[in-house]
Amino acid sequence: MATETMTINMGPQHPSTHGVLQLILELDGEIVVKATPHIGFLHRGTEKLSEHRTYHQVIPLTDRLDYLAPMSNNLGYVLAVEKLLGITDKIPERANTIRVIMAELTRIKSHLVWLATHALDIGAMTVFLYCFREREEIIDIYEKISGARMTSNYFRVGGLSEDLPEGLVDDIRKFTESMEGHLETYEGLLTGNKIWQKRTIDVGYISGEDAVDIGLSGPALRASGVDWDLRRDDPYCNYSDFDFEVPTRTEGDTFARYKVRLDEMRQSARIILQGLDKLKPGPILADCPQVCLPPKKDVVNTIEGLIHHFKIVTEGFKPEEGEIYVGIEAPKGELGYYLVSDGSPHPYRMKIRPPSFVNLQALPQMVEGVLLADVIATIGTLDIVLGEIDR
Amino acid sequence: MTPEVLSLSNAPALWAAAMLAKILVAFSVLMGIVAYATWVERKVIGRMQTRLGPTMTGPKGLLQPIADGIKLFFKEDIIPNEASKFAFVLAPMMILAPALISMAVIPFGNAYEFTFQGVTYLVPLQITDLNIGVLFIMAMAGLGVYGIVLAGLASNSKYSLLGGIRASAQMISYELAAGLSIIAIFMLSETLSLSGIVAAQQQPLWGITAFPSWMHNWYIFSQPLAFGLFVVGSMAEINRTPFDLPEAETELVSGFCTEYSSMKYALFFMAEYANMVTISAISATLFLGGWDGPFPGVINFLIKVFGFMFFFIWIRATFPRLRYDQLMQMGWKVMLPLAIGNIVLTAVAVLLWQ
């Protein structure tokens with residue numbers, strides 16, 4: 001009997017391609033023969049746009065890359081610009097600590113959305129809503145800090161846009177302390193669940209060697225037994241002052257990635273609590289008048305302050321000619337910013353290395369020969385965000 | 001004077017009136033439960049998932065099923081150009097009809113007694129007491145598969161096709177396990193009539209008279225394994241989570257009903273819930289003594305049916321979905337051998353005790 005394969009067009013409008021990913025699947029019955037991801041449906045030209053903006057004006061663009069983890073994107077960018085300017089050492093202690101706290105909150109937030117959608121894809125609908133309930137609390141914290149719920153735009157070159165509002169430290173502490181209990185709830189619904197184990201163990205396997213070859217990073221890499229975390233191995237901000245572990249597993253399957261991310265949320269909570277204890281009053285902007293805006297009080301009261309503010313807002317600042325690459329451990333993996341300066345107030349070129357883009361490369365290899373249902377699980381476990389893939 | 005059972009031969013006009021009344025009541029109650037099962041499901045799952053469920057339409061959202069019905073009724077009815085029209089239209093009817101017909105053989109209460117012109121009649125609260133009732137139900141459940149497979153094939157869409165294929169494989173395998181599991185019941189009851197099976201369960205539990213008088217020898221006590229197999233098997237047969245692979249919305253968009261809209265889609269929706277009610281009623285009759293219990297017959301029956309439906313809803317809020325091959329594996333390698341083993345065990349037990 002002659003049989004032929006069926007080509008199925010999954011996405012860009014499909015409930016579980018996490019946005020606008022398109023997969024051309026070649027199916028033999030329910031078994032995937034070949035998967036070709038097509039991307040670009042969400043391309044907004046972030047990199048090109050930034051060439052016509054001052055360095056400060058680029059920060060809001062980065063919010064919209066990985067829209068589930070805006071603060072991490074901000075952080076990577078401001079760190080790159082600070083390194084380009086050579087003011088990394090001048091960032092005040094308080095600003096650094098708040099950056100770390102917010103980056104880790106963002107990690108929890110991003111992982112919550114990952115767990116929610118991953119579980120929903122596999123059919124566990126309740127976990128989805130539990131995760132979104134907790135995410136809502138983080139979004140509230142975001143709102144109190146920056147006024148925006150998703151596109152926070154909170155970090156600035158040289159520090160932060162403003163200090164934490166009153167009482168927020170207690171909010172963050174309360175939320176972080178409740179996180180362990182919430183994680184146990186999720187684990188209670190999933191980890192021991194036979195169906196969940198059947199759907200995730202040995203699904204979407206990738207070996208540590210292949211993972212390194214493809215360039216995987218973040219939890220996807222650490223679940224394949226490669227112990228690599230930029231927060232520990234190439235510390236930025238003041239991560240070296242914090243005491244935390246890097247969870248790793250060796251199985252390299254979907255269940256391992258699930259466990260790694262859950263453990264990461266626990267470690268993030270640990271880091272946040274340490275950070276809150278570390279917080280001391282102090283400045284939140286570096287003492288670099290040519291880069292940072294003057295305090296509001298000077299702007300409204302003195303003519304020098306007003307001119308200073310005007311110059312920075314209209315002209316921006318001019319880093320010296322040069323190029324720089326800074327990578328940070330974003331929730332989804334290594335997020336890198338490569339900046340080239342020609343001495344003008346605009347970046348000559350900004351290249352972003354989005355973790356999702358690189359991680360997605362592993363998909364065709366991971367889904368070859370598996371069932372259709374596993375494709376969904378694998379997309380979920382890679383934790384991709386199309387905003388950052390298409391940029 | 002002993003009451004006579006009302007039948008076509010002793011009082012034809014009365015019998016016809018009683019029959020019509022029974023059909024009307026059973027049908028409208030069933031459709032009412034179907035409509036409000038959607039409301040209950042949304043409310044209950046909402047509570048389990050820290051949501052509220054429908055609240056805006058009427059008090060506590062009670063008018064939501066009606067609003068949904070009206071909305072679907074007024075939607076444009078789209079038949080895809082490439083679809084096979086006749087089969088496409090036929091499929092939703094073919095899936096709803098068997099689900100409703102099965103209710104015809106289920107006894108939902110004790111016989112009702114009344115006096116007319118000096119003669120006392122007994123009306124069995126069951127539309128028809130087929131002596132092959134259980135076989136009839138299995139046959140109807142088998143027909144339901146055709147509706148889904150037809151919908152999948154007729155839509156001429158790839159997702160629907162995959163849904164249809166999944167449905168045919170899944171329903172056939174699980175029907176087998178569910179069907180075999182109730183053979184053990186026939187061995188104990190020695191009848192295929194559902195009212196006979198209910199009557200057979202009205203013995204003192206394990207022959208002990210010390211239990212409360214309503215605690216009867218329901219088959220769940222003597223056949224717990226068959227009960228489990230039947231409930232799981234029938235859950236798979238009616239495509240409830242975790243066996244909702246044919247429509248798995250995160251994989252196949254909406255599976256076999258992807259291309260359906262308007263009332264045709266509503267028919268699928270109604271069929272899903274009608275099937276749920278039917279399966280609950282059958283499980284209650286076969287394993288929980290039907291209308292037997294401490295309250296008046298119909299109330300016992302409804303309590304059991306609602307209990308099962310709550311259980312199905314609860315399961316949906318708790319479990320992820322199985323994968324196609326794992327589903328098949330479970331059906332053929334776990335449930336089928338268990339069902340056959342249970343038959344053998346029951347046969348030996350019946351031989352030894354008699």
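**Chain contact, strands and salt bridges**

Colleague: How many residue pairs are in polar contact between chain A and chain B?

Modeller: This is a predicted model, where local features need pLDDT of at least 70, side-chain atom pairs count only at pLDDT 80 or more, and totals for chains, interfaces and linings use all residues. Side-chain values use heavy atoms, leaving out hydrogens and water; residues are numbered from 1 along each chain as its sequence is written, while chains are lettered from A and ligands numbered from 1 in the order in which they are written. A polar contact is a pair of N or O atoms within 3.5 Å; within protein, one must be able to donate a hydrogen and the other to accept it, and residues adjacent in sequence count only if both atoms are side-chain atoms. With both residues at pLDDT 80 or more, the count between chain A and chain B is nine.

Colleague: Which elements give two or more residues to the side of chain A that touches chain B?

Modeller: Helices (H or I, at least four residues) and strands (E, at least two) are DSSP runs, numbered from the N terminus. On the side of chain A that touches chain B, the elements giving two or more residues are β1 (6-10), α4 (93-122), α5 (125-146), α7 (194-200) and α16 (372-382).

Colleague: And by class, how many nonpolar residues has the side of chain A that touches chain B?

Modeller: Ala, Val, Leu, Ile, Met, Phe, Trp, Tyr, Cys and Pro count as nonpolar, Asp, Glu, Lys and Arg as charged, and the others, Gly among them, as polar. That side of chain A has nine polar and six charged residues, and its nonpolar count is 19.

Colleague: What is the area buried between chain A and chain B?

Modeller: Contact means heavy atoms within 4.5 Å, and here the contact takes 34 residues from chain A and 26 residues from chain B. Buried area is the accessible area (1.4 Å probe) that two parts lose on being put together, summed over both. Carbon and sulfur atoms give 61% of the total, which is about 2,700 Å².

Colleague: Which residues in chain A lose the most area to chain B?

Modeller: Three residues together make up 20% of what the chain A side buries. They are E30(A), I195(A) and K198(A).

Colleague: Which residue forms a salt bridge with R323(B)?

Modeller: A salt bridge is a side-chain nitrogen of Lys or Arg within 4 Å of a carboxyl oxygen of Asp or Glu, and the count between chain A and chain B is one. The closest N and O atoms of the pair are 2.8 Å apart, and the partner of R323(B) is D374(A).

Colleague: Is E82(A) buried or exposed?

Modeller: E82(A) has its place in helix α3 (residues 70-85) of chain A. Not counting residues up to four places away in sequence, its contacts include I87(A), R99(A) and R156(A). Buried means under 20% relative accessible area, exposed over 50%, partly exposed in between (1.4 Å probe, protein chains only). E82(A) has 1% relative accessibility, so it counts as buried.

Colleague: Which residue stands opposite K351(A)?

Modeller: Two strands pair if DSSP finds at least two bridges between them. Six bridges join β7 (residues 333-341) to β8 (residues 347-353) in chain A, and these strands run antiparallel. In their hairpin, with five residues between the strands, G343(A) takes a positive phi near 90 degrees. Opposite K351(A) in β8(A) stands Y338(A).

Colleague: Why is one side of β1 and β2 of chain B left without a neighbour in the sheet?

Modeller: The open sheet has three strands in the order β1-β3-β2 (chain B), with mixed pairing. β2(B) and β3 (residues 119-125) of chain B pair in the antiparallel sense over six bridges. β1 (4-5) and β2 (109-116) of chain B have one side without a neighbour because, standing at the edges, each has a single partner strand.

Colleague: How many residues apart in sequence are the parts tied together by R261(A) and D383(A)?

Modeller: R261(A) forms a salt bridge with D383(A), the closest N and O atoms being 4.0 Å apart. R261(A) lies in helix α11 (residues 254-278) of chain A and D383(A) in the loop between α16 and α17 (386-390) of chain A, so the separation of the parts they tie together, in residues, is 122.

Colleague: In which helix is E104(A), the partner of R231(A)?

Modeller: R231(A) and E104(A) form a salt bridge, with their closest N and O atoms 3.1 Å apart. Both residues are buried. The pair links distant parts of the chain, 127 residues apart: R231(A) is in helix α10 (residues 230-233) of chain A, and E104(A) is in helix α4.
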